[in-house]
Amino acid sequence: MAQSSPVQTARGPVEAAGLGRVLMHEHVFVLTADVQSNYPSEWGDEDERVADAVRRLRELPSAGISTIVDVTVIGQGRNIARIKRIAEQVPELNIVVATGIYTFDAVPMFFWQRARETMTEFFVRDITEGVTDTGIKAGMLKCAVDEKGLTEGVERVLRAVARAHVATGGTPITIHTHAAGKHGPAIVAVLKAEGVDLSRVVLGHSGDAVRDPDYLAAMADTGLTLGMDRFGIDHFATFTERSDLVVEMCRRGYAHRMVLAHDTCCYIDWFGPGRLDDLKDWHYLHVSQDVLPYLREHDVAGADIDAMLVANPARILAG
Ligand SMILES: [Zn+2]
């Protein structure tokens, strides 16, 4: 068993024991970078956006959350210099940043005609040397397998992520999935073939699979962890459905194989003004304020809540 290593955050390394309660899949901003650089009017003033993020993230520590993982990667407008500026103003909160590529189909054109190793080299550089000149090292790898499943491009990214994980001694991986597609077994087959340590993998958006606890149990039995990480996104499953699924999986003994989050952000440019206004609970405090009380009322033990928010994230992030 490898010794646990410090976890890289936007303000430097933190020991696993210092992570506290962790939300394992959040964003600060999700942007379409080249659209924003050409049509910035909706985004508005950079300083105001940063100040808004600082204000919202400062609410987390008083709600008991000490760490978030910002899983924003290439394809989602990652800007680590901006995250650094925000993190410096929220010293009570650890922000772990990620590397990887978010695509549901083809690889970005930049990588299309390049050597297959290029992607892996970029990810490894972010993890070992840091992102651009920020000095911030990525603490998690991220990719996506959506409705189309393992297309040629998606599989190429998944393998590049897996190879960066192996090359860096087990950097954790989170994978956006389309729960209804049940791509878990195909994903696990690729990860196993690449020699990935499944105890460092989160099968993201598993909480959307509200009618498939058996599928989730089978996936958790492989050793990976289920991301119950979209609390507040009622479009896929309601609060009660998501919470009841966590209750059921705890009842089945899987608290040690789940992590919690919202997959929320301070601003996302994918939907247009007003389109997400009905998601009243899609914010960083929903788990603390609403989900945890519901779980306790439904006989989820305090030890299980600690597992999902503290022990499991520490194990995944630090090894
Ligand atoms: Zn996300």
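Student: In this predicted model, is cysteine 143 buried or exposed, judged by its relative accessible area?
Tutor: Cysteine 143 lies in strand β7, and its relative accessible area comes to 1%. Buried means under 20% relative accessible area, and because the value for cysteine 143 is 1%, this residue is classed as buried.

Student: Which residue does the UniProt annotation "modified residue: N6-carboxylysine" cover?
Tutor: The residue lies in strand β7, which comprises residues 140–145, and it is buried, with a relative accessible area of 1%. The annotation comes from an unreviewed UniProt entry, and the position that it covers is Lys142.

Student: Which residues are the protein donors of the zinc ion?
Tutor: Along the chain the donors follow the spacing H-x1-H-x235-D, and they lie 2.1 to 2.2 Å from the ion.

Student: How many residues apart are histidine 25 and aspartate 263, which link distant parts of the chain?
Tutor: Histidine 25 is buried, with a relative accessible area of 2%, and aspartate 263 is also buried, with a value of 10%. Histidine 25 belongs to strand β3 (residues 22–26), whereas aspartate 263 sits in the loop between β11 (258–260) and β12 (267–268), and the two are apart by 238 residues.

Student: What distance separates the end C-alpha atoms of helix α2?
Tutor: Helix α2 covers residues 46–57, and at 1.5 Å a residue its 12 residues should span 16 Å. The expected span uses one less than the number of residues, and the distance between the end C-alpha atoms agrees with it, at 16 Å.

Student: Which residue caps the N-terminal end of α2?
Tutor: Helix α2 has buried residues that include Arg49, Val50 and Ala53, and what covers its buried residues includes β4, α3, β5, α4, β6 and β12. At the N-terminal end, a side-chain oxygen lies 3.2 Å from the backbone nitrogen of aspartate 47, and the capping residue that supplies this oxygen is aspartate 45.

Student: Over what arc around the axis of α4 do its buried residues lie?
Tutor: The buried residues of α4 are Ile80, Arg82, Ile83, Ile86 and Ala87. They are on the same side of α4, because the arc that they cover around the axis is only 150°.

Student: What is the relative accessible area of arginine 82?
Tutor: Arginine 82 has its place in helix α4, and, leaving aside neighbours within four places in sequence, it is in contact with Phe29, Leu31, Trp43, Glu46 and Val50. Arginine 82 is buried, and its relative accessible area is 13%.

Methods. Residues are numbered from 1 along each chain as its sequence is written. This is a predicted model: local features need pLDDT of at least 70, side-chain atom pairs count only at pLDDT 80 or more; totals for chains, interfaces and linings use all residues. Side-chain values use heavy atoms; hydrogens and water are left out. Donors are N, O and S atoms within 2.8 Å of the metal (3.2 Å for Na, K and Ca); water is not among the atoms, so sites may look incomplete. Helices (H or I, at least four residues) and strands (E, at least two) are DSSP runs, numbered from the N terminus. Buried means under 20% relative accessible area, exposed over 50%, partly exposed in between (1.4 Å probe, protein chains only). Contact means heavy atoms within 4.5 Å. A polar contact is a pair of N or O atoms within 3.5 Å; within protein, one must be able to donate a hydrogen and the other to accept it, and residues adjacent in sequence count only if both atoms are side-chain atoms. UniProt positions are given in the numbering used here, feature names are shortened, and annotations may be inferred rather than shown by experiment. The arc is that of the directions from the helix axis to the C-beta atoms.
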